[in-house]
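Here is a friendly briefing to read alongside the coordinates. Have the viewer open, and let's begin with a helix and its packing.

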Amino acid sequence: MQTERFDRLRKSELSKIFEKKQITEVWRKIVKEQLRNLDIKDLFDHYDFNYNIEERATSIRNDILNGSYKVSQAMTYRIEKKLGVCRHLVAPQPTDALVFQVLVENISKSVLENQPSENSFYSRDKHNVSKPHDVDEYGLTLRAHWKKMQSKIYNFNEEKELIVVTDLANYYDSIDIRELRKVFTSLSKISEVIIDLIFRIIEEVSWKPDYLPYSARGLPTTNIEGIRLLAHSFLFEIDDVIKQKTNNSYTRWMDDIVIGVDSKKQAIEIISSISDMLKTRGLALNLSKTNIYNDTDGFYHFQINENKYIDSIENTKISDPEYKAITSEVYKRFKKHFKDQGAKYWDKIAKRYITTFNRLNSHKLLNDLPNIYIEYPVLRQNLIYYLLKVGYQKKSAENVLNIVKNIDVFDDISLYQLCFLVTQWEIPKNETSKSFLLEFENHIVRFSFNRKVPSDFYCILWFRTKYSHPEDLLKFIRQYKNLWQTDSFLRRQVTAILARLLISDRRSVEALLSNQISSGIPNTVTLASQIMLFKDIEKLDNKLSYYLFPKMKQNPYPLWKFLVLCSVLNSEKIRTNESIKKKIVEHVKDPYYLYWLESQYNIN
């Protein structure tokens with residue numbers, strides 16, 4: 001029940017923001033891609049939401065204006081940082097991510113107008129900020145280079161003798177939400193109902209384990225941009241003080257701060273001032289990562305020489321006469337880099353080296369990759385990108401098996417990343433690859449039985465969705481029905497898989513889909529309904545055609561897109577359409593996808 005205050009005062013504010021066109025544009029331009037970039041992906045690419053976005057926008061607007069909007073439970077997952085210590089991240093449901101982003105889009109301009117300095121940033125990919133090695137004059141002396149770096153990289157107003165580097169200890173986890181609300185409210189004349197709704201969503205998507213009450217501490221870590229804006233704005237008062245004390249000779253990237261000073265005494269005074277200010281907000285400096293650098297120290301910790309070298313070979317091609325010598329030198333330097341891990345930005349340079357191996361199409365990294373993947377969780381995502389580029393071959397397959405045999409998994413994504421890799425590879429359908437896939441599957445099944453966590457079962461689902469025969473896959477789903485039906489995320493993923501199984505056993509799969517529609521779980525209901533609707537469509541509209549067969553062909557063709565393709569091929573008129581068959585063959589090249597398309601849909 002809503003009060004007169006809502007009907008007469010608050011609703012009008014919300015009505016201006018939640019217009020159907022605005023909701024739809026924010027989804028298409030921002031939120032859709034944010035969800036795709038989450039570490040754990042949806043097997044249907046949230047396409048049921050995307051396909052019906054205009055209707056969803058109307059529904060969201062109505063719920064908001066009726067005062068009946070409720071936040072759905074977000075999924076929390078873990079990423080290992082080091083030594084088994086994990087960062088907890090949240091993946092909001094599409095509706096909640098969209099509502100939150102619409103709110104933030106409305107207020108972001110007024111919030112950023114209160115930013116004290118142009119030298120602070122909350123999202124590196126949104127700003128054209130140079131890197132610490134991006135100084136063209138490599139012939140300069142160390143001292144001259146040091147001064148050039150201060151003005152070009154850090155936008156310092158003055159040349160400084162020393163640089164202070166620091167960050168905040170467990171920044172997101174330490175934010176007091178009540179303090180954040182006070183600061184955020186003071187920034188500009190933002191309508192109270194908007195602030196109420198923003199912080200209601202934050203509260204509902206935050207991790208609340210074991211039926212414990214909401215602690216009001218800790219901003220949820222997620223890929224949703226609006227959360228980063230809130231965290232960014234919480235440090236505006238720190239920006240203001242540092243700007244005044246240094247004449248704007250500083251730079252801040254979220255909670256990473258670089259400050260230019262003239263003396264060690266000034267450096268210590270500023271560090272002390274920042275520390276006291278942070279304590280009043282329940283925050284603290286990370287003293288283990290707080291240092292004062294002179295030019296020599298700065299060159300070492302910012303790894304200037306390593307960056308310069310990597311820059312110098314960026315345009316190397318396989319056809320270049322020096323290619324072999326360059327790749328050997330890169331490997332030699334990479335090995336040396338691992339012997340000295342004392343530099344502050346050591347891991348960033350390690351990632352640059354891995355990216356360089358990728359760009360050079362060099363396979364030399366395969367010699368060391370399994371051990372690096374196991375020992376350095378911070379480098380795992382970059383190593384996965386490298387293996388994706390290398391593709392399936394004997395050595396890379398051996399690497400993957402070596403990893404799954406020896407790795408101890410403490411988080412929810414390290415095993416999934418490997419499953420994602422193996423399903424993205426275009427693996428030939430022969431006895432050798434069959435042996436590899438069987439051994440890989442045995443290892444991930446072992447993990448699932450030993451750990452008994454939903455993320456491991458999800459890994460098996462992801463793998464078997466591509467490589468299992470339809471009958472075996474359906475049998476597997478039935479066998480573990482009691483397990484996946486107790487977890488809303490797993491339930492949705494299994495429902496997505498049914499798109500591929502419908503044509504093989506229509507009666508059984510339709511019964512399963514009907515059960516999911518009856519479940520009452522919104523994201524499962526909409527997906528099951530969409531699969532049932534797609535099986536009866538008579539032609540591909542522009543939305544579907546553009547999604548399944550984009551102008552820029554995707555290589556490899558993603559697993560989630562293959563499931564959407566299967567869902568429309570369940571329609572006889574679609575799978576017998578010769579022009580559609582031709583498009584499929586033009587876009588889909590993966591041997592396993594082609595095999596299932598032929599055996600299940602008679603497309604060859």
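This is a predicted model: local features need pLDDT of at least 70, side-chain atom pairs count only at pLDDT 80 or more; totals for chains, interfaces and linings use all residues.

Helices (H or I, at least four residues) and strands (E, at least two) are DSSP runs, numbered from the N terminus.

**Ground rules**
- Residues count from 1 along each chain as its sequence is written, and side-chain values use heavy atoms, without hydrogens and water.
- Local features need pLDDT of at least 70 and side-chain atom pairs 80 or more, while totals for chains, interfaces and linings use all residues.

**Helix α16**
- Just after α16, Asn361 has a positive phi of about 55 degrees.

**The sheet**
- Five strands form an open sheet in the order β3-β5-β6-β4-β7, with mixed pairing; strands pair if DSSP finds at least two bridges between them.
- β3 (120–121) and β7 (291–293) are the edge strands, each with a single partner, so one side of each lacks a neighbour in the sheet.
- β4 (residues 162–167) and β7 run antiparallel and are joined by three bridges; Ile163 has Tyr293 of β7 as its bridge partner.

**Confidence**
- The chain's mean pLDDT (the predictor's confidence in each residue, from 0 to 100) is 90, and 94% of its residues reach 70 or more.
- Over residues 124–140 the pLDDT is below 50, and this stretch has 39 contacts beyond near neighbours in sequence.

How values were computed. Contact means heavy atoms within 4.5 Å.
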